[in-house]
Structure formats: C-alpha cells, structure tokens
Amino acid sequence: MSEIVKKATRESYGEALKELAEKYENLVVLDADLAAATKTGIFKKAYPDRFFNCGIAEANMMGVAAGLASTGKIPFASTFAMFAAGRAFEIVRNSIGYPHLNVKIGATHAGVSVGEDGATHQCNEDIALMRTIPGMTIIVPSDDIEAKAAVEAAVLHDGPVYLRFGRLATPIFNNNNYKFELGKGILLKDGKDVTIVATGLMVCEALEAAKELEKDNINARVINIHTIKPLDKDIICKAAEETGLIVTVEEHSVIGGLGSAVAEVVTEYCPAKVVKIGVNDEFGYSGPATELLKAFGLCKENIIEKVKQSINNIK
Amino acid sequence: MDQMIKKQLEVTACKVRMGVIEATYNAKSGHPGGSLSIADLLTYLYYVKMNVDVKNPDMHERDRLVLSKGHCAPALYSVLAQKGFFDESELKKLRHIGSMLQGHPDMKGTPGVDMTTGSLGQGISAACGMALSGKISNEDYKVYAILGDGELEEGQVWEAAMFAAHYNLDNLIAIIDNNGLQIDGKVTEVCSPEPITDKFESFGWYVITMDAHNFDDIERAFDEAEKISGKPVAIVQKSIKGKGVSFMENQVSWHGQAPNEEQYKQAMLELSEQLKGLEG
C-alpha cells in the first residue's frame with residue numbers, strides 16, 4: 001500500500017497563489033505579518049511587487065483589500081481565521097460584503113487544530129460569522145488538491161469569498177481527476193443507512209469512519225461539502241430523503257457552522273434527524289493538534305460511535 | 001484665485017448647502033451639521049480638482065473620493081446632483097424606501113459614489129487600497145478621503161495612516177474636517193484626538209492646515225498638496241459645523257438632527273439670501 005501523503009491546506013494556499021499569479025495578472029496578496037505562517041510567503045518570494053504586508057493591522061488590511069478590489073484588482077487578504085473573521089468582522093461586513101467587492105479572504109489556522117497556541121488562536125466561529133454576511137461565499141477545502149482548485153475557483157468567482165484553511169498537515173485523498181464546482185457537494189461514497197456530511201479536514205475522517213462502519217453492516221453515505229455557502233441543498237435533501245439520518249462533522253462550533261446550515265435546509269425542506277459533531281459551545285485549549293482533535297471528538301472513532309448511537313436512537 | 005471662479009464656486013457651494021437642507025428636511029433625519037462644514041471642500045474638489053465624467057461615473061482613470069465620514073452623505077449627494085450625476089429631485093428622496101440615496105453612501109446604488117462608507121474609520125483604509133492600486137498599475141489618478149475629527153478616535157484610522165506612509169502613497173490626500181464637534185460634545189472633551197497635525201506628522205504624513213470656508217485658502221492648500229511627493233498628505237481643514245445656516249453653526253445638536261418645517265424655511269431663506277447676494 002502506498003504511503004499516505006500529507007499536506008496542510010495553508011501550504012496549498014500559498015502554492016496556489018504562486019501558481020495562479022501569472023495567469024491572473026490582477027491577483028495581489030496582502031498579509032498581516034503572518035506570511036510565514038499563512039504561506040503567502042511562497043507568493044511573496046516569487047512576486048515581491050504584488051505582495052503587500054499590512055503589518056499587524058487586520059482591520060486596515062480588509063479595508064485596503066476593498067479599495068484594491070474597487071479598482072479592479074483581485075486581492076487575497078490573508079491572516080489567521082481568528083483575525084480575518086473575528087477581529088475584522090465588521091470591516092468584512094461593511095467594506096467588503098455590503099458593496100459585494102471582489103475580495104478573497106484567505107483565512108488559515110482555523111479550528112482547534114491550530115494546536116499549542118490555544119484558545120485565543122483557535123477559531124471555531126468563523127463559518128458562523130461569515131455565513132451571516134449576504135453574498136459571502138464560504139469554501140472549506142478538505143485537502144491539498146481541493147484547496148488548490150478552490151483558490152482558482154475563488155479567483156474566477158466575482159464577489160467576496162472566504163476560504164478556510166488549516167495549519168495541520170492532513171492526508172491528500174482526492175485524486176487527480178478531481179473537479180471543483182463552486183456550491184456543489186461531492187458524493188464520495190454512496191450509502192443508504194445514514195449520511196455523514198463533512199467539511200474541511202473532517203472529510204477524510206468521515207470517509208475512514210464510513211469504511212469501518214461497513215464492517216458492522218452500516219452502509220453510510222459520505223458527502224463532502226466544500227462550499228458551505230451557497231449550500232448544495234439538492235444533495236442534502238436527497239440524502240435526508242434517502243437515508244433519513246444525517247450526521248454532520250466539522251472542526252467548528254456546532255453553533256452556526258456546517259451542522260447548522262444543513263439543519264436549516266433539512267428542517268425546512270426535507271425533515272429528518274440531524275446530529276451534529278463539532279466543538280460543543282466551549283473554548284479550545286493548548287495541546288498537540290492531533291490529540292486536540294481526538295479530545296474534541298473530531299476523529300473517525302467518535303464519528304463511528306455517534307453514527308451507531310444515532311441509528312439506535314432512531315430505531 | 002480668479003475672482004470670477006471664486007464667485008462661481010461660492011454660488012455652487014451655497015446651492016450644495018440648500019441641497020443638504022432640502023434632503024435632510026425631507027428625510028426627517030440625517031446629519032446636516034457636518035455636511036455643511038464640508039460643502040465648500042466638496043465643491044472645490046468636484047468643480048476644480050477632480051477628473052470625473054458624469055456620463056461615465058465608473059471611468060477607470062477617474063480621481064476618486066471616499067467620504068470616510070459617511071454620515072455626511074447629504075453633502076456628497078448634493079454636490080453629485082449639482083454636478084449632474086443624477087437628477088436633483090433625488091435629494092428629496094434621501095433615506096426613503098427605494099431611494100438611490102441611502103442614509104450612508106452606497107457605491108453600488110448611487111452614480112458617482114466611489115466607496116461604500118458609514119462605519120467610521122473604514123473609508124480611509126479603502127482609500128489607501130485605491131491609492132495602492134494606482135501605484136501598482138502606474139496610473140496617475142488621485143484619491144481624496146474626507147474624515148471627521150471625531151472619526152480619528154477610531155483605531156483603524158491610525159492603522160491606515162501607518163500603511164499610507166509606509167507605502168509612500170503620495171497619490172492620497174486625506175482631508176480632516178476639524179469642526180471640533182462630535183455627537184456627544186466637543187472632540188476635546190469626548191476623547192481628544194488632538195493634536196491632530198502633530199499626530200499625522202509623526203505618522204509620516206505631510207500636513208497642511210486650511211480655512212475650510214475660504215476658496216483662496218482651499219486652493220492654496222491643494223496647490224501645496226500637489227507638490228508633495230513620496231508621502232501622503234493630510235489637510236486639516238478648520239471648519240464650522242453647520243456653516244451657512246446661522247442657528248446651526250457650532251451647535252453640536254445639529255450633528256444628527258433634521259430641521260423641522262419652520263427651521264427648514266428659515267435655513268432656506270438664509271441660504272437664498274446668501275445666493276442672491278452672490279449672484280446679485
């Protein structure tokens with residue numbers, strides 16, 4: 001068996017920016033003193049004249065991005081999710097979202113897998129915040145291949161896009177035939193007993209969980225939702241109707257994220273039971289990323305347990 | 001300044017003020033005080049300085065104006081209407097449902113508005129982005145940003161001030177409307193942003209002060225600003241809140257209050273007399 005290759009999606013982000021720079025000459029990159037961590041440093045090294053460090057001033061960076069976009073540039077404003085969606089929320093809402101400017105926000109270090117830095121830097125709220133902004137597109141890639149495709153899709157989309165990347169190196173499981181379609185969920189594995197809907201680095205865990213569930217004769221469907229907004233209602237409703245039970249998995253608060261978005265659709269259009277796996281209304285803490293993910297139940301073991309539990313509860 | 005041009009500008013500025021009163025009276029809300037203090041500035045910029053085309057408001061090479069103190073939209077709308085970006089009758093629909101004139105500037109809804117603003121401190125950052133874009137593409141348009149003195153209390157303004165100086169944005173001119181009053185009282189009593197000139201100088205800007213209500217002095221200031229290269233320019237304009245309407249001048253209560261019918265009539269009477277004096 002070939003060895004699993006791992007890469008952090010922030011790395012994919014930096015590489016994609018560099019790869020796309022020649023093709024899209026209006027693409028420029030902003031960072032807030034985190035170029036080494038967000039990996040925009042990769043772009044900076046290749047295109048120093050198109051990279052602008054804004055210093056530790058995220059509010060201004062988002063405003064500058066808005067101004068750049070108003071004149072036809074395609075700015076990627078990069079920082080940690082905590083500061084992009086959290087600290088700069090109101091600037092993103094008023095200067096970017098309201099005028100629907102063509103700004104791309106590259107938010108890295110999302111979720112508890114930030115690890116040792118602890119709660120102040122572990123953003124579990126960004127999807128919820130960004131979802132409330134009308135016209136904001138939200139993409140959470142699940143691996144390197146999807147992340148790179150998502151960055152180009154963001155360039156091609158006219159309007160604000162929030163891209164959520166991780167710090168932790170995670171398995172590359174999509175293959176080279178992968179095609180990214182904005183707003184379309186991907187059916188990774190069919191199944192009839194339950195549907196696991198996952199996003200970001202939880203997609204790979206969901207797939208692993210589904211494989212193991214087969215051993216116990218549980219036939220789980222797995223859907224990768226890379227675009228949380230606009231959400232692919234059709235794929236969700238079909239799953240709700242055909243499997244009758246949905247378990248969502250995300251490295252984000254269970255309040256306002258993927259689980260909420262799915263539940264909103266299901267309760268309104270295709271009532272079925274929705275069980276949410278995510279961070280349960282609590283702050284994170286310091287520790288190695290992989291251990292934290294386990295501690296917060298963001299792993300295949302917990303997905304398997306929750307799926308079995310939910311099936312039993314329904315019976 | 002040529003006396004004929006000066007008189008023409010004074011006439012236009014007076015009409016801009018009438019538009020402010022007309023708009024806020026019909027809206028039954030809005031911000032006349034700070035709008036009246038920037039009426040001369042906006043008139044000078046749109047009639048003398050700025051390269052704009054009313055028939056092609058999105059012309060790429062145009063000069064841009066960001067009203068960072070977005071609540072003073074009535075003054076911007078009034079000058080844009082005078083200039084012909086849209087019909088003057090729109091002013092009476094300010095803040096009404098379905099109007100192209102929102103309570104605060106909306107770049108997607110109003111021809112001639114270059115940036116959506118209203119949440120204080122944000123416009124100056126967008127202006128920095130526009131100026132940076134001009135530098136990146138080697139274009140020679142200018143970007144003007146108008147800020148309130150109270151607005152300087154927003155931390156984002158100083159993030160932007162640092163940024164503009166760091167990137168040598170000499171195509172950016174920020175005008176600080178120093179009328180000394182904000183909603184809760186005198187800026188020096190609320191949480192003083194003074195000394196304003198020293199602050200901008202220490203942030204690496206070239207600073208000019210000017211009399212906001214004297215076109216000779218306005219021209220002197222902008223002529224000086226034009227000669228500066230290598231750094232952004234801040235023009236601190238000493239202004240009178242409510243300028244042009246006797247009972248509104250220097251009164252903090254007129255920050256965000258619309259005139260009632262009687263006050264509207266009085267204000268329009270005063271302004272039409274000023275206009276008659278200028279035209280007569």
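**Conventions.** I number residues from 1 along each chain as its sequence is written, with chains lettered from A and ligands numbered from 1 in the order in which they are written. The model is predicted, and I kept its thresholds: local features need pLDDT of at least 70, side-chain atom pairs count only at pLDDT 80 or more, and totals for chains, interfaces and linings use all residues.

**Chain A, overall.** I looked up the secondary structure of chain A and found 13 helices and 14 strands (DSSP runs numbered from the N terminus, helices being H or I with at least four residues and strands E with at least two). The radius of gyration of chain A is 19 Å, close to the 20 Å that the globule rule gives for 315 residues, so chain A is as compact as a globular protein of that length (taken over C-alpha atoms; the rule is 2.2 Å times the number of residues to the power 0.38). The C-alpha trace of chain A spans about 60 × 40 × 40 Å along its principal axes.

**Domains.** The assignment for chain A gives domain 1 (6-171) and domain 2 (186-314); such bounds come from an automatic or database domain assignment. Their contact takes 28 residues from domain 1 of chain A and 29 residues from domain 2 of chain A (contact means C-beta atoms, placed from the backbone, within 7 Å). On the domain 1 side, α7 (126-131), β6 (137-139), α8 (144-156) and β8 of chain A each supply at least two residues. The C-alpha centres of the two domains of chain A lie 25 Å apart.

**Helix α9(A).** This helix (residues 202-215) has 14 residues and reaches 21 Å from its first C-alpha to its last, close to the 20 Å expected at 1.5 Å a residue (1.5 Å times one less than the number of residues). Its buried residues include A:Met202, A:Cys204, A:Ala206 and A:Leu213. Among the elements covering them I noted β10 (194-198), β11 (220-224) and α13 (300-314) of chain A. Leaving aside neighbours within four places in sequence, I find A:Ala206 in contact with A:Ile196, A:Ala198, A:Val222, A:Val249 and A:Ile303.

**Core.** I then checked the largest nonpolar core, which has 197 residues (buried Ala, Val, Leu, Ile, Met, Phe, Trp, Tyr and Cys joined through C-beta atoms within 7 Å). A:Ala65, A:Ile196, A:Ala206 and B:Cys128 touch the most other members. Helix α1 (residues 3-27) of chain B gives the most to this core, with 9 residues.

**Chain interface.** I find 20 residues of chain B in contact with 23 residues of chain A. On the chain B side, α5(B) gives the most, with 9 residues.

**Backbone.** I logged a cis peptide bond from A:Lys229 to A:Pro230, with omega near -5 degrees; A:Pro230 lies in the loop between β12 (227-229) and α10 (233-243) of chain A. A:Asp33 has a positive phi, near 65 degrees, and is partly exposed, with 15 other C-beta atoms within 10 Å.

Definitions and conventions:
A residue is buried if 20 or more other C-beta atoms lie within 10 Å of its own, exposed if 12 or fewer, and partly exposed in between; C-beta atoms are placed from the backbone. Two residues are in contact if their C-beta atoms, placed from the backbone, lie within 7 Å.
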